[in-house]
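Please look at the sequence and the structure first.

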Amino acid sequence: MSEQFDISVDFVGLKLANPVFTASGTCGYADELADFMDINQLGGFITKSITAKPRKGHATPRIVETDAGMLNAIGLANVGLDKFIEEKLPIIEKMTVPVFVNVAGETVAEYAAVIERLAKESAIAGFELNISCPNVERGGITFGTDPAQVTEITSAVKKAVGDKVLMVKLSPTVTDISIIARAAVEAGADALSMINTFTAMVIDIETRKPVLANKTGGLSGPAIKPIAVYLVNKVYKEVTKNHRIPILGMGGIRTASDAIEFIIAGASAIAVGTASFIEPGCAIKIIEGIKKYCVRHNISNIKELVGSLTL
Ligand SMILES: Cc1cc2nc3c(=O)[nH]c(=O)nc-3n(C[C@H](O)[C@H](O)[C@H](O)COP(=O)(O)O)c2cc1C
């Protein structure tokens with residue numbers, strides 16, 4: 001690509017080579033997809049959610065395919081903070097791509113403690129606060145649906161992040177997502193990521209029982225894309241544009257065209273989630289496709305495209 005077309009992104013002071021991330025929970029801790037793509041070619045990498053203590057997650061079945069996506073109720077299964085530091089951090093230390101650690105928890109104090117411990121690590125560029133997981137009983141989405149709790153958790157964590165980037169991940173399962181976005185931004189979020197999955201259910205009509213052991217799960221994949229694009233545009237117009245806060249957009253992105261839709265809607269960068277299960281290297285193809293789009297439309301800097309929706 002000619003130097004004339006710049007797809008690098010300034011993301012809260014971090015210089016990203018391109019606007020493409022992989023989404024939390026869909027690429028493990030970086031090593032899982034190493035056979036399928038060179039992770040360091042991405043703009044950014046986000047780990048699976050980490051909690052203070054290890055979690056086994058929900059009973060199986062915990063995923064089910066749907067017409068245009070999938071439901072998951074993994075239940076935040078993860079190795080816990082100590083093992084993450086011992087086993088996963090050394091992998092992250094070798095990566096050249098900026099890595100965000102996604103953090104979840106049951107109490108504000110748990111989130112703050114995990115972040116305080118990890119904020120000392122120079123290999124970590126920032127954090128994604130998962131206050132939007134629909135699949136856990138305590139914590140998870142309950143933090144992200146109440147503006148007062150969003151304010152409380154964001155400001156508590158902001159004190160713990162030091163000079164790292166704090167990104168807050170929003171749930172779409174709310175009446176007005178801009179109210180939640182504004183609460184996060186006013187409490188100190190440096191960036192917003194959106195969206196997490198929609199609470200949903202698939203029923204086995206023979207047994208008349210839900211297919212997932214957890215009964216409900218989070219819907220992701222192409223089915224949610226137009227709603228995600230709409231919500232990104234709504235938050236961009238109503239909240240982040242004035243505050244100059246970047247949005248990391250996600251929800252059903254499978255191709256470069258999908259990614260460009262999110263950028264035009266107002267996302268400064270995008271993340272690929274469910275699509276990686278179908279085609280593990282597709283994030284890299286999306287980077288190539290974005291470059292080609294910029295050349296074809298003579299867009300010399302990808303910034304020009306952000307929020308360029310014509311109404
Ligand atoms: C199997 C699976 C596991 C996920 N795990 C997490 C997680 O641990 N933390 C989190 O914040 N989001 C998690 N997500 C949500 C994704 O990061 C993303 O927000 C959502 O799936 C929408 O993007 P997509 O349609 O491209 O998958 C998970 C999604 C899937 C499909």
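The paragraphs below go through the salt bridges and the exposure of their residues.

This is a predicted model, in which local features need pLDDT of at least 70, side-chain atom pairs count only at pLDDT 80 or more, and totals for chains, interfaces and linings use all residues. Residues are numbered from 1 along each chain as its sequence is written, and side-chain values use heavy atoms, with hydrogens and water left out.

The structure holds 10 salt bridges; the term stands for a side-chain nitrogen of Lys or Arg within 4 Å of a carboxyl oxygen of Asp or Glu. One of them joins Asp190 to Lys158, with 3.0 Å between the closest N and O atoms. Asp190 lies in the loop between helix H5 (177-186) and strand E10 (191-194), and Lys158 in helix H4 (residues 147-160), so the pair ties together parts that are 32 residues apart in sequence. Helices (H or I, at least four residues) and strands (E, at least two) are DSSP runs, numbered from the N terminus.

Asp190 is buried, at 16% relative accessibility, while Lys158 is partly exposed at 29%. Buried means under 20% relative accessible area, exposed over 50%, and partly exposed in between (1.4 Å probe, protein chains only).

Another salt bridge links Glu121 and Arg117, whose closest N and O atoms are 3.1 Å apart. Here Glu121 is buried at 15% and Arg117 partly exposed at 27%.

Glu288 and Lys291 also form a salt bridge, at 3.5 Å from N to O. Both lie in helix H9 (residues 282-296), 3 residues apart, about one turn of the helix. Glu288 is partly exposed at 38%, and Lys291 is partly exposed at 22%.

Finally, a network of salt bridges links Asp176, Lys234 and Glu238.
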